[in-house]
Amino acid sequence: MVGRDVAVIELDQVSLGWRDRVAVRDVSGAFERGSLTAIVGPNGAGKSTLLKGITGLVSPLRGRIRTSGRADSHIACLPQLGELDRSFPISTYDLVAMGAWRRVGAWKRFSAQEHERVRSALEAVGLADFGHRIIGTLSGGQLQRALFARLMLHDADTLLLDEPFAAVDMATTEDLMALLHRWHDEGRTVVAVLHDLDLVRRHFPQCLLLAGQLVAWGRTDDVLTPENLHLARHLCAGDFL
Ligand SMILES: Nc1ncnc2c1ncn2[C@@H]1O[C@H](COP(=O)(O)OP(=O)(O)OP(=O)(O)O)[C@@H](O)[C@H]1O
């Protein structure tokens, strides 16, 4: 077990589920502060459910999830694109600005400094000229860039991303992957649910392989072995990408 000062999120025999169905069973381990981890596994393996457990959207059926006790620590999440209501009539600028909500609150004035943060986040994701666009008019890749910009506004020390590169092209994936590396270099803890195992091998030092239960968690080379992938496929009896 990793020391409490090093672990930013600790899972102790955690089971999570929906109504009477267990989606993730008996997971123990820790995400270390400043680590860069991919969560992989077959469809229905419980990857999104695990992220929802960490953010508190789903309560454990059993076990405990401990997040860092530091007063200034803060977790921000990038949801799956499909969970966003794209018909909501909000501009790209305002969507990104929503990331500052924790600092600014609902009633305080949005300062010049916050406006500057929004502008520079839009620029960092290549959307400097898209602020005025209603989000429903953005392509999937542009919307994902906007959500990354919103994540920048959160300025969180732990970032959880659910399939951040689904439905985006290779150029966008590379740009957004560079942002993930930047956040990691800044000492933030980054956890991303991913399906592309080649991308995971190239970019993520740590990996958690899930199949309704923990198959392996540790160095990516040690986790993504043919034996472990075979076991995950067998446990979920589904298609592994
Ligand atoms: N809102 C929900 N209500 C009921 N069951 C759910 C809900 N969300 C997920 N589940 C179920 O929980 C199990 C795990 O789903 P989850 O979305 O966590 O898997 P996943 O590994 O993220 O899958 P995928 O790779 O397909 O996105 C599945 O059996 C799924 O049907």
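The model discussed here is a predicted one. Helix α5 covers residues 140-154, which makes 15 residues, and its first and last C-alpha atoms lie 21 Å apart, close to the 21 Å expected at 1.5 Å a residue. Because 11 of these 15 residues are buried, α5 is largely enclosed by the rest of the structure. The buried residues include Leu143, Leu147, Phe148, Leu151, Met152 and Leu153, and also Arg145 and Arg150. Their packing partners are the strands β5 (75-78) and β6 (158-162) and the helices α2 (92-97), α4 (112-124) and α6 (170-185). After α5 comes aspartate 155, which has a positive phi near 55°.

The ligand has around it Trp18, Ala23, Gly41, Asn43, Gly44, Ala45, Gly46, Lys47, Ser48 and Thr49. Sorted by class, this shell holds three nonpolar, six polar and one charged residues. Helix α1 (residues 47-55) supplies three residues, the largest share of the shell.

Strands β8 (residues 206-210) and β9 (residues 214-219) run antiparallel to each other and are paired over five bridges. Within this pairing, cysteine 207 has glycine 218 of β9 as its bridge partner. Three residues lie between the two strands of the hairpin, where glycine 212 adopts a positive phi near 80°.

| Residue | Location | Phi |
|---|---|---|
| Aspartate 155 | following α5 | near 55° |
| Glycine 212 | hairpin of β8 and β9 | near 80° |

On the scale of the whole chain, the protein is divided into domain 1, made of 1-74 + 159-164 + 188-241, and domain 2, made of 81-155. The centres of domain 1 and domain 2, taken over C-alpha atoms, are separated by 27 Å.

Finally, valine 58 belongs to the loop that connects α1 with β4 (62-67). For leucine 16, which is 42 residues away from valine 58 along the chain, the separation between the two C-alpha atoms is 7.3 Å.

Conventions
Residues are numbered from 1 along each chain as its sequence is written. This is a predicted model: local features need pLDDT of at least 70, side-chain atom pairs count only at pLDDT 80 or more; totals for chains, interfaces and linings use all residues. Helices (H or I, at least four residues) and strands (E, at least two) are DSSP runs, numbered from the N terminus. The expected span of a helix is 1.5 Å times one less than its number of residues. A residue is buried if 20 or more other C-beta atoms lie within 10 Å of its own, exposed if 12 or fewer, and partly exposed in between; C-beta atoms are placed from the backbone. Two residues are in contact if their C-beta atoms, placed from the backbone, lie within 7 Å. A residue is near a molecule or strand if its C-beta atom, placed from the backbone, lies within 6 Å of it. Ala, Val, Leu, Ile, Met, Phe, Trp, Tyr, Cys and Pro count as nonpolar, Asp, Glu, Lys and Arg as charged, and the others, Gly among them, as polar. Two strands pair if DSSP finds at least two bridges between them. Domain bounds come from an automatic or database domain assignment.
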